Amino acid sequence: MSAALARRKKQKAKAALAASTAEPGTNTMEQRVKHLLSQTDTPSHYEALQLLTSNTHRFLKTGDVEKALKTAFNGTTLLLTYNQIEVASQMSLCYVTTLVDARVPSTEKEVDNILKISELYGKCVDTRDSKKGVYWIEFLRAAMKWSSGMGDTLLGDRKLHGNLGRVLWEQGEKRDSVVSFVLGEEVEEIVSKIWEVETDEGKERDYLFCVGVVNFLAMENIRDASKLVVGFKLKFEADASAPAATRYCTFATWLLEICKRDAGQLYQWLASQFQDITRDPQWGALLTKIGKVYFNIKPPPNMLSMLEGMLGGGGN
């Protein structure tokens, strides 16, 4: 081997080593990752992922949290920009895991980064076999868990809840979407979304309305439960073609009024009169909590069983 060829080989090996230990954003690392992503074969895309994750872990292990987060965030955005959903999903979870392992507080900066990643997920092109929605929701739920554990708000950042609610709605998970909007205190969003639902004589629309009211009350948020009822009524009164309100609406509005008063007996009567609206698997526990919080009712075993059986599943 000539001296010149040996020298070039040595320089190439040195450059490859630098690329494997640099963070995204530096020309060497970014160029290496982009080169791998431009290839059509899956192994190259996973090699890019390996470069990114290994550097993230290395920086975290040496205590350089800022570089670890920057590597994971920039890597995720780069993978999503190249529409590599599967590897990007793993990198985005690596970013959240880094936030958790480093015990990074749920600050506005990190929340904004989560929202930027979510926006890039939304821009990715769907393919026939795409699992985009599954990966997107998995990432956001992991981020919510981090925010809940490391933020000032017990149940997580409200902006993240609102974003998750919109993604869940887009992916057809409407019931869970409404619950996320409740946690995000997005009353107007709930009203707007549920009114657009094509319903079977109003049942689906009114069921989602009821989910919103019950969850707000279970969170001891009478203010937003009241806003939801008022907003829903205004929509209903303004739409002459709207199907008649169902028993879901009656139950939700009566429950709200009863919770505004010291009316424990009325609460128990209401629960007994609406045994036919059995659908939501969480309602038994939610209504038990409402009874305890607003009326100091601790159901005896037979009442608890009735509530859970009445509103715990099946039915309409």
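Which residues in α4 meet which residues in α5? In this predicted model, the α4 side of the contact consists of Ala-68, Leu-69, Thr-71, Ala-72, Phe-73, Gly-75, Thr-76, Leu-79 and Leu-80, and these meet Ile-85, Val-87, Ala-88, Met-91, Ser-92, Tyr-95, Thr-98 and Leu-99 in α5. Sorted by class, this contact has twelve nonpolar and five polar residues, with no charged residues.

Two packed helices are described by the angle between their axes and the distance between the axes. Helix α4 spans residues 65–81 and helix α5 spans residues 85–101; their axes come within 8 Å and cross at roughly 160°. Angles over 145 degrees count as roughly antiparallel, and α4 and α5 are therefore roughly antiparallel to each other. The crossing in which α4 passes α5 is left-handed.

Helix α4 also takes part in a pocket. The second largest pocket has a volume of about 150 Å³. Its lining is formed by Glu-66, Leu-69, Lys-70, Phe-73, Tyr-95, Val-104, Lys-109, Glu-110 and Asn-113. Two or more of the lining residues come from each of α4 and α6 (108–123), and α4 gives the most, with four residues. By class, the lining of the second largest pocket comprises four nonpolar, one polar and four charged residues. Leu-69 and Phe-73, both listed in this lining, also belong to the α4 side of the contact with α5, while Tyr-95, another lining residue, belongs to the α5 side.

A further helix pair is formed by α10 (residues 187–195) and α12 (residues 222–238), which pack at an angle of about 35° with their axes 9 Å apart. The crossing of α10 and α12 is right-handed. From α10, the residues Val-187, Ile-190, Val-191, Ile-194 and Trp-195 meet Asp-224, Lys-227, Leu-228, Gly-231, Phe-232, Lys-235 and Phe-236 in α12. The contact of α10 with α12 contains eight nonpolar residues, one polar residue and three charged residues.

Helix α13 (residues 247–259) packs with helix α14 (residues 264–273) at an angle of about 170°, and their axes lie 10 Å apart. The two helices, α13 and α14, are therefore roughly antiparallel to each other. In this pair, α13 contributes Arg-247, Phe-251, Trp-254, Leu-255 and Ile-258, and α14 contributes Leu-266, Tyr-267, Trp-269, Leu-270 and Gln-273. Of the residues in the contact of α13 with α14, eight are nonpolar, one is polar and one is charged.

Methods:
Residues are numbered from 1 along each chain as its sequence is written. This is a predicted model: local features need pLDDT of at least 70, side-chain atom pairs count only at pLDDT 80 or more; totals for chains, interfaces and linings use all residues. Side-chain values use heavy atoms; hydrogens and water are left out. Axes are lines fitted to C-alpha atoms, for helices over the stretch in contact, and angles run from 0 to 180 degrees between N-to-C directions. Angles under 35 degrees count as roughly parallel, over 145 as roughly antiparallel, 65 to 115 as roughly perpendicular and the rest as oblique. A crossing is left-handed if the near helix is turned anticlockwise from the far one by less than a right angle, and right-handed if clockwise. Contact means heavy atoms within 4.5 Å. Ala, Val, Leu, Ile, Met, Phe, Trp, Tyr, Cys and Pro count as nonpolar, Asp, Glu, Lys and Arg as charged, and the others, Gly among them, as polar. On a 1 Å grid over the protein atoms alone, a cavity is a set of points where a 1.4 Å probe fits but cannot get out, and a pocket is an open set with protein on both sides within 12 Å along at least five of seven lines; lining residues have an atom within 4 Å of a point. Grid points are joined across faces, edges and corners, and a volume is the space filled by probe spheres set on the points.
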